[in-house]
Amino acid sequence: MEVDREDGRSQNQLRPLACSRNILHRAHGSASWSQGDTKVLAAVYGPKAGTKKNENPEKACIEVIWKPKTGQIGKPEKEYEMILKRTLESVCILTVNPNTTTSIIVQVVNDDGALLPSAINAACMALVDAGIPMKHLAVAVCCCVAKSGYVILDPTKLEEQQKMKAFAYLVFPNSVHSVLPEGSLRVEGEPIENGIITSVTHGIMSVDDYFYCLERGRAASVKLSDFLRRNLQQQSTDSSKAG
Amino acid sequence: MGLPNASGDLSTEVEVDAFRRLFPLRFYEKHLLESIRPDARPLGRARETTIALGAVASANGSALAKIGSTTMLAAIKMEVMTPSLETPDEGCIAIDFHMPPICSPIVRPGRPAEAAPVVAKQLSDTILSSGMINLKELSLVSGKAAWMAYLDIYCLDADGALFDTALLSAVAAFSHLEIPVVSLNDDGKIVLSEEQGLSDREPVNKEKRKINLSSVPFSLTCVLHKNYILADPTAEEESIMDTIVTVVLDSSSQLVSLQKPGGTVLAYTSAIQVS
């Protein structure tokens, strides 16, 4: 089905991605991620000693602070913090540094749609920059079901407000290039990249639409993880030349 | 007692309660192998649910909902306000969720619970986006007066599945809601009509009416642990198992929302199973 999107993209096309690491010098790790006009900055400080009051001291603790572009911190920011915290807790290996806290601060520089997925991607890159041990990377996409029933990926803010009936933020694990034999990375008989780490939906959609979004999102996550991998490899070779 | 080198050795020496506190995960796994939970529920069963309407007499609509021990009290108060310029014939709903310290030993006065603003926002998103309430019904005089419904939900006991109980109490309160009779007085302001036949003013709405609810949403929270899906977790289960999924469906089987913040990777097939 041919679809008209304002910026001329096709249904499955993502906006141009740009990412850079190590931009803040005092933070232990930092990254900036932009998808089209949406830009998010993430900084990681840690691990620091001690955990918060009600947290388990046998594991590392992750604390997320979300700073919006303008305005005071309210309920939407708290919700984003909780989603980000849970997502990153499942991605990081928490048993390596018990009784420590890692703080991740996310600053929204510009919001033009798909804010939470950009923040998750930026936070992952910042964690890699800081050297926090992780099981795998997480890639996040936003799929939106428009009123006329078709599914588009990576909506801009205008598309989110006008066209959409519902949207879903989906986070998938990174696709794996491993040297281990195939059988060791299966979860319930399926390769690990078929799982979902986080899914947050908004608005009404039918169950079939949701599964369709999942498939589209998974396909897009492969492209995103390739981008991440190339970016990381490129920057690590640059720094090894400098160092 | 000696150092535990295997849980099998220790479980014969220690009492059940102590084992439950010290090794909660192993305690639960022993139960899951038998496909049952410590409170004798099978894995897929939710706890007993009760709803009492009209719990707060002074509010326009209220309900007390209990799922197991989790208790929520919802109350709605209506107030007249002028609608905004962009939507002159729509009313407004303000939803607020409170977790007072009575509900759980983790919540202390002065410091709001972490879960409270998140549940409040999810609740307002779900209720507004599910289309259960048509805001146009809340309008009185187009462009000049409309109803503002303040929905307050108080958590009285937090024992897991907070979002489910809160949504249930909110929907029940809305179903119990009766919009009071008002009339337009000479200054052009809306006042509450006192009794029948008292005034010569025309009442704006003739009788107390109930609001129409279409496509009521209902939700289910589950925790996932390895291959097991446990429906309707208690607070203890929620705290030790790291993956929580909440699915909200409405009466026409459309998915209103699916929240799964973090946690272990959920394979595709399990997602189908849950829904």
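Me: Which residues of helix H1 in chain A are buried?

Reply: Buried means under 20% relative accessible area. In this predicted model, the buried residues of H1(A) include A:Tyr80, A:Met82, A:Ile83, A:Leu84, A:Leu88 and A:Val91.

Me: How many of the 17 residues of H1(A) are buried?

Reply: Twelve, which leaves the helix mostly covered.

Me: What span should H1(A) have, at 1.5 Å a residue?

Reply: The 17 residues should span 24 Å. The end C-alpha atoms of H1(A) lie 25 Å apart, so the two values agree.

Me: Now the sheet. In what order do the five strands of chain A run?

Reply: The order is S1-S2-S3-S5-S4. The sheet is open, and its pairing is mixed. Strands S1 (17-21) and S4 (61-67) are the edges, each pairing on one side only. From one strand to the next, the twist averages 15 degrees.

Me: Which strands does H1(A) touch?

Reply: Helix H1 (residues 75-91) packs on the sheet and touches S4 and S5 (100-110) of chain A. Its direction makes about 145 degrees with that of S4(A).

Me: Which strands does helix H2 of chain A lie across?

Reply: H2 (residues 115-130) lies across S1, S2, S3 (38-49), S4 and S5 of chain A. It runs at about 150 degrees to S2(A).

Me: In which sense do S1(A) and S2(A) pair, parallel or antiparallel?

Reply: Antiparallel, over five bridges. S2 covers residues 29-35.

Conventions: Residues are numbered from 1 along each chain as its sequence is written. Chains are lettered from A and ligands numbered from 1 in the order in which they are written. This is a predicted model: local features need pLDDT of at least 70, side-chain atom pairs count only at pLDDT 80 or more; totals for chains, interfaces and linings use all residues. Side-chain values use heavy atoms; hydrogens and water are left out. Two strands pair if DSSP finds at least two bridges between them. Helices (H or I, at least four residues) and strands (E, at least two) are DSSP runs, numbered from the N terminus. Axes are lines fitted to C-alpha atoms, for helices over the stretch in contact, and angles run from 0 to 180 degrees between N-to-C directions. Contact means heavy atoms within 4.5 Å. The expected span of a helix is 1.5 Å times one less than its number of residues. Buried means under 20% relative accessible area, exposed over 50%, partly exposed in between (1.4 Å probe, protein chains only).
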